[in-house]
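Please keep the structure open while reading.

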Amino acid sequence: MTDDNTPITPEIVEDENEKKDGQLVQQNVKPEILYLIPITGRPHLPAQVQPLMVSKKRWEETLTKANKDTKGLLGLAYLKEVKGKYVYKDDFPKVGCVIRMMNMVDVQGNIQFIAQGLERFRIKRFLSDKPPFVVEVEYFEKIKENEDELKAYAIAIINSIKQLLSLNPLYSEEVRQYLGMFSPDQPSPLTDFAAGITTASGDALQEVLELVSVRERMKKVMMLLQKEIEIAKLQSQIQKDVNTQVDDNKRKFFLKEQLKAIQKELGLQKDDKTSDVDKFKAKFADLTPPEHVVKRFDEEIEKLSVLETGSSEYGVTRNYLDWITSFPWGVHSEDNIDIQRAEEVLDRDHSGLSDVKERIIEFFAAGVYKKDISGSIILFVGPPGVGKTSIGKSIAEALGRKFYRFSLGGMRDEAEIKGHRRTYVGALPGRLVQALKDTEVSNPVIMLDEVDKIGASYQGDPASALLEVLDPEQNTEFMDHYMDLRIDLSKVLFICTANQLDTIPGPLLDRMDRINLSGYITEEKMEIARKHLWPKLLKRNKLTTKIITITDPTIRFLIEGYAREAGVRGLEKLLNKIIRKSIVSILKEKKEKVRVNIQSLEDYLGPPIFKHEKQMSGVGVVTGLAWTQLGGVTLPIEAVRVHEKVAGFKLTGKLGDVMQESATIAYSFVRANTGSFKISKEYFDKAFIHIHVPEGATPKDGPSAGVTITTALVSLATRKVINRPLAMTGEITLTGKVLPVGGIKEKIIAARRSGIQEIILPDGCIPEFKMLPDHIKEGITFHFAKKYKDVFKIVFNDL
């Protein structure tokens, strides 16, 4: 259709003397106006006859008008890809193919028809630039070429097609179809047919379609045929190799089966079932299982003997017997309980932690006395990176026992502990049975890591399943669902680790002997870095101290400026980074040795993260001490008077409920005892006070800040400034009593890191304080307070 929607009457050009009984000869019908549709994948060539399918919704009108106006003739043009939803006239190539549509049918929203290629055409202009596309076309004029040369090319193409047929018989049907329509002596159709049977790309075939010279066209197609022959040869060779391999495997299989049958007849070989039974009996004979296990084994062996090897039940029973005979029934490793050796191992592997080592030696001593270390469950609690897991390994080495570790973090299925029942496909025993199987003894050291991070889901609660495992009174008859046998775990030494106690269920925590691992002070970290971390990292990177050295002052500066966390994991990462940077400088600058000092440290790691900042001071500013699961921290608290319009106070700093209650109690206590602290009675009647705990993005909670908040309010009301490096901790009551709090060791270590020289602690913390090592308390003055008036005297008397 044209832009003005007037009907188009195609002009039919017919050669003279080409009429037969008044009808046009089909091959010579050449309309100058064609309806045009795009095709993708491959262009259609004049000698091709193949089915096409187009969208009914988009092209039905075009096909209907082509049938009516051009007697079923249609123009096809190849598009490499359709960009977007619509096709535009600029997307079409200049050259396409006229086809005759035959046997048109509807197929599920599409129109399918047989396309018989007739003639090449070149688009002169578009009469309609939107569907249905209508174009005015011209046809290629025949040019005079050397017939002998064309004949030679034709023979070469025919020979190539014959060679292709011998390699791939699938082309024979297309050859038969071509011979029914054209003569082999016609070079142009022969060339188009040869191009059509190749697997060449659409762009390559479009080049063939656009070539005017038959000779050039034949030359191009010969190249495509040669490539096709090479591909067919390669495919044939691959198929031949595969068939040879399959035949070889079949031959070997039949020979093996024949050999097996001959050996069986001669009594030289047993069948699979007999072999399995004998193997399990031999493995079980080396164990010393209890009576109920022997009974179950005999039942399962009898069942295996009557089952067919191909049945699913045979596989289940065989796997079960494999687990029973692999479990170390009655196999124990001999304990090497030597206190002196245990001390040497602990001192060799760990620096610091003297109180923890003392507890472990006490535990060993009790085992020496009763000649048995069974029935003990130890829980190491402390921040990340303080050495909980490595201490467990050292205990196993000191005892001479095998060590097995698995993490409970994120575990949500109780079957991980107690196993799956055998009725399930792919059922397996629990991790404890697997641990004993892997260690091959019944008394290993099993570490249950991250016991505070156990989850719970609809599949059960693993923490509840651990209650039986970690109870010395119950684990002598632990029942695994898969094994379905009573297993004695009383000889196993269980070591658990956790970062905090809040998320561990009370009944589970009650079954464990708790040992706290606090953070390290600077001196301990230096010793760890010098004796353990630095040598380990050098060895890992295949270096020596002759190539890279680091001085002690540099390590101290590194700890105080970059790695103030409670553990040493961050310190290890920083040391590893220094080594990597040093290796880069060795390779780039061709250095033979690198010496890391304080000056070069900033080049490796950037500016220090922590700086020795002056302690916050001023009216209403007091330093407190707090405990977190990552260790102790200092906690400055600020109080200011905002205005005197209305009495009251407000809190900021992302404080938890308990800390907010402590602030309310402190405010009420100070307001009720203004006379004792020489504060004007009218002060709190008018003042609106704002209490803030800095680092507002960090959540804070707990009762430890009660005494600190009280002191900040007194400082604000009396206008007295605390100018000395003083910190405090403790819970306050409405009557002024100072109650004890936890985490004293962690808080003192945090105070040391911050340069605090004077600490006020609750009187109730004296027993815990006396248990601390002297090197932690050294250089700090400690005061103990029963009531807040004691705190007031210590803080404000000198002022």
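Helix α10 crosses helix α12 in a right-handed sense. This is a predicted model.

**Helix pair α10 and α12**
- Helix α10 spans residues 339-349, and helix α12 spans residues 388-399.
- Their axes lie 9 Å apart, at an angle of about 150°.
- Angles over 145 degrees count as roughly antiparallel, so α10 and α12 are roughly antiparallel to each other.
- On the α10 side, the contact is made by Arg-341, Ala-342, Val-345, Leu-346, Arg-348 and Asp-349.
- Helix α12 contributes Ser-394, Glu-397 and Ala-398.
- By class, the residues of this contact are 4 nonpolar, 1 polar and 4 charged.

**Burial of strand β16**
- Strand β16 covers residues 493-498 and is mostly covered, with 6 of its 6 residues buried.
- Leu-493, Ile-495 and Thr-497 point one way from β16.
- Phe-494, Cys-496 and Ala-498 point the other way.
- Residues pointing either way from β16 are all buried.

**Strand partners of β16**
- Strand β11 (residues 377-381) runs parallel to β16, and 5 bridges join the two.
- Val-381 stands opposite Ala-498 of β16.
- Strand β13 (residues 445-449) also pairs with β16 in the parallel sense, over 4 bridges.
- Ile-446 stands opposite Phe-494 of β16.
- Both of these β16 residues, Ala-498 and Phe-494, are among those that point the other way from Leu-493, Ile-495 and Thr-497.

Terms used:
Residues are numbered from 1 along each chain as its sequence is written. This is a predicted model: local features need pLDDT of at least 70, side-chain atom pairs count only at pLDDT 80 or more; totals for chains, interfaces and linings use all residues. Side-chain values use heavy atoms; hydrogens and water are left out. Axes are lines fitted to C-alpha atoms, for helices over the stretch in contact, and angles run from 0 to 180 degrees between N-to-C directions. Angles under 35 degrees count as roughly parallel, over 145 as roughly antiparallel, 65 to 115 as roughly perpendicular and the rest as oblique. A crossing is left-handed if the near helix is turned anticlockwise from the far one by less than a right angle, and right-handed if clockwise. Contact means heavy atoms within 4.5 Å. Ala, Val, Leu, Ile, Met, Phe, Trp, Tyr, Cys and Pro count as nonpolar, Asp, Glu, Lys and Arg as charged, and the others, Gly among them, as polar. Buried means under 20% relative accessible area, exposed over 50%, partly exposed in between (1.4 Å probe, protein chains only). Two strands pair if DSSP finds at least two bridges between them.
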